[in-house]
Each structure stands twice: as structure tokens, then as C-alpha cells.
Amino acid sequence: MKNYLKLGLVSLALTSLVGCKDDDNEISQELSNPVDLKAHSVTPNFLKTTPEFSGVNIYPLLSSEDMLAESPAFVYGSMADGAGLIKNADNTYTLINNIEADYAIARITLDETFKPVRGEHILNAFATANTAQCSGSLITPEEHGFGPLYLSGGEWGGASKGVFVTDPLKDASSASFAQMLPAMGQWSTENAVAIGKNAYSEKTVVFIGDDHSDNEVPSGQLGMYVGNKGDLFGGQLFGLRVTDNSIDFEVDMIEGETYAIDFVALEETQIDLLDTEAKTKGAMGFSRLEDIDWRRGSAANNREIYFNVTGRKKPGLIGKGTAYGRVYKVTLNENDPTGVGTITCILDGDKVNGIAKSFHSPDNIVVTENFAYIQEDPNGYFDAADKMHYARLYQYNLNTGELKTVLECDQDTAETKGYGTTNSIWEITGMIDISDMVGVDETFLVITQNHGWEGGFTDPQANTSPSTGQGSVLHVINGLER
């Protein structure tokens, strides 16, 4: 009997691998997946993992000094930032990537093995009015029920403060023409992120991060746009309001404590008028609200919003805004995104003996079903032992509350090899989960802005009068839990 059982199990296992054509289509695709994760850049890897993450593989995929085979004149420009990835019908890939300091958006084609082969720009500095394109996010049919569209934030430099929307497949010949979303308002826009379609079946909800850097009053607000499903133009703008009477400023919220919130309707859209209206109506101000993401998984998960506040250390902000940075979790109302919800500071970089005591300006964030990955852009506050480090990537377990350091930029080695100086601190940014897209689990893209690595790295097709020519590196990281 046992022998028959063993034979049956062996037969079942073989059937699972080589069985009928219809049942095994997905497995066959996995077995024949042409994606080959490896380094394609001539630039070395300068990301150093901690011992606990020594099994993680990091591959420099594309850098500013690389030349792509099908577009040798293309330059992967200065301060690459937010990104989104699309898989094409021919099994190639399209990466949409903000080039922050070139005030532009690039489109990079990767072949079926995931090797970058061509680059071009779909928005240039003329289109953006020389406004930095910081973080970005994709809207896709799979996650949102419409698209594809790419949202990006106009933050600093030029006059186009607000949310840009771009067709990721647009013809590059129209790179000088941009479209904005007036109903989402003007902010010092770090990012705009539409949450998953299952959060609210009949609504499209977009969150906007305001990287306002006031020296006296924390003034970065969390904006929220709510429209009918698929409508990015005709909806209503709101601002997050903490309704607990004991909370006047963000630092009044204690790490781990939960507070009631709602969202107040905003009518203004011009940046100064909008800021004044939000403050007048009691919207909470944060010290430079940066990137935003939402939790994957169930519909309830999709209503969990996470955002970073990078902090600002100025005398006028003491007792009002975070200095070294915080991460917040917002839980939205089950039935109405504007209804009563909650906010929790889950990580406080100012807490001397807290788990986030090493935080030095958290900036970008990506959230999976079980983890948040927090990326740093150090603001130069090297005034405590815990802050004396280069930019780090952290892993935060959403289920257990455990925080771990994944890696840190190895600028000491980089300097010896001629890639910048240790006086110009790099930024880790643009991290996205691409596991499902490439068919390789636990796979992410992440970018470094290699400040101090000067090489005139600006594509003239993006910007003819750049403010900086510092280099950037795009990496694949494999082996991080989701």
C-alpha cells in the first residue's frame, strides 16, 4: 500500500511538471522565462548589504556612463528618481523613469532577458517648464482598472508645481508637450499615487505628497483626490486632518499611538491659495512630506496608506515638526475615503532609544503585502552617533513591527574608484517591486542618485541647460521578501 502511495505521489509530481497543456501553461511559462537577472552596467556595485541580508543579490543594470546598443546617444541622466515598469506584448519591458535634475521623464526599453537596449525621453525640460520630476507611479488596468498612465510630481525648480499625467506609450516626438491634472492642485509635489481598485470599487483615489519646506511651521500636507472610477479630472480635492483635540503639530503624535482623522474638502488649486486654505481648515502639516505607497493584498490592505516625512532641522520647527524623519500609516474608512479613519506614527527617527533611531531623512517608500522598504536621502544632520552613516535601505515588517537595515551606500569604496566624493551624500530612491512583472519572485528595482559623481550626465534631448550633471545608477535587487 505504501509503495503504491509513493508511486502515486511521484506520478502526481511528474504530472504537475509535464502534464496536460492547459493546466501547465503557467508552469511552462515559468520554466521558459527568458529573464536573466545580472549586471549590464559598466559601473560597479556600491550598495553594501548587512550580514543579515548577505544572500541578497544586487546587479547594476544601467548607469549614466553606459551606452545603450539601440540608442548610443541616450544619456541616463542626472538624479534619476521615480519609476514604473510595464511588460509589453512581445515580452520586452518598458521602464518609465523620472530624471529629476534634468526636469524630464525617460523611457527605457529592456529586451526579453531584461537587458536595457534603448532609451529616449517622453517629457523634456521644455514640457515641464524646468520643474523637477521627483517620485512617480503607474496606473495600470491590473491594479486600478484603467490605464496605463504615469503620474509624476512637479516639485522644485520651475513653475509647473502639481501632478503630471503621461501616456507611457506616447510618441517621443511629442516630448515637449505635457499634460497636468489641475483638479489635484499645485503643491511642492513629491508624488501622486493612485491606490488599488479594490479599496473602493466605484472610486479612483489618488494621494499627493507635499514636500513643503517651511522653516517655522510644518507645512507639507497629505492631499487626496477622489473621483469616479477612471476620472482624474473632475473629482474633489481633500486634505488630511487630525481630529484629536490634543494634536496641534505632527510631533504631538507619539510613535505607536493611533489618532482619529478625516479629510476636509479643498476648493483652491493654486499653490499659495491651496496652502492657506488647507491650514485654515485644519489640515495637518508635516515637515516635508515625501513619498507615499499603499499596501498590497486584500481590499482592507489597499486602504492602508504609508508615507514618509523626511524631516527638517530648524530652530523654528522644534516641538512642531520631525527633525530626522518619520513614517506614518493611515487607515482609511471602509466605506468612504473621506470618512473617519486613523493615523499612526509607526517609526519616529527623533526617538533617541526608538527602533528608528538611526533614521536620517527617510524619503521614498515601497509597500508590498507584508513589508515596507524605506529609502533614505540624508539631509546632512550628522550630529548624533546613530545618524553617522550613508544612505540606507530599511525593511519594516508590517505584521511584526520589526525594522532591519538591508543595505547602505558604500561611498568610501566609490570614492577610491572615482565615483564621487564622500562629501556629497548619495540618495537611495525609486524602488519598485517588479517580481510579478518579470516572473522572478522577490525582485525589485532601486536607484541611487550618486551626488558628487560629476560627468556632465545630461541628455541634450532632455535638457539643454542642466543645473547639474551628476550620475545615477539603476539596480536590480533579488532576494528581498515581499
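Outside the four places on either side in sequence, V473 touches T43, P60, L62, S63, Y76, V446, I447, T448, N450 and W453, where contact means heavy atoms within 4.5 Å. The model is predicted: local features need pLDDT of at least 70, side-chain atom pairs count only at pLDDT 80 or more, and totals for chains, interfaces and linings use all residues. Residues are numbered from 1 along each chain as its sequence is written, and side-chain values use heavy atoms, without hydrogens and water.

**Exercise 1. State in which strand V473 is found, and whether V473 is buried or exposed.**

Step 1. V473 belongs to strand β25, residues 470–478; strands (E, at least two residues) and helices (H or I, at least four) are DSSP runs numbered from the N terminus.

Step 2. The relative accessibility of V473 is 2%, so V473 counts as buried. Buried means under 20% relative accessible area, exposed over 50%, and partly exposed in between, with a 1.4 Å probe and protein chains only.

**Exercise 2. Describe the surroundings of I105.**

Step 1. I105 lies in strand β5, residues 104–110, and counts as buried because its relative accessibility is 0%.

Step 2. Not counting residues up to four places away in sequence, I105 touches residues including I96, I99, I122, L123, Y150 and T166.

Step 3. G77 is 28 residues from I105 in sequence, and their C-alpha atoms are 9.7 Å apart.

**Exercise 3. Locate the backbone exceptions at N91, S361 and P148.**

Step 1. Most residues other than glycine have a negative phi, and most peptide bonds are trans.

Step 2. N91, not a glycine, has a positive phi of about 70 degrees. N91 sits in the loop between β3 (80–87) and β4 (93–99) and, at 36% relative accessibility, counts as partly exposed.

Step 3. S361, not a glycine, also has a positive phi of about 70 degrees. S361 is placed in the loop between β18 and β19 (362–367), and its 0% relative accessibility makes it count as buried.

Step 4. The peptide bond from G147 to P148 is cis, with omega near 5 degrees. P148 lies in the loop between α4 (141–144) and β8 (149–154).

**Exercise 4. Characterise the chain as a whole.**

Step 1. The secondary structure comes to eight helices and 25 strands.

Step 2. The radius of gyration, taken over C-alpha atoms, is 22 Å, close to the 23 Å that the globule rule gives for 482 residues, so the chain is as compact as a globular protein of that length. The rule is 2.2 Å times the number of residues to the power 0.38.

Step 3. Of the 482 residues, 57% count as buried.
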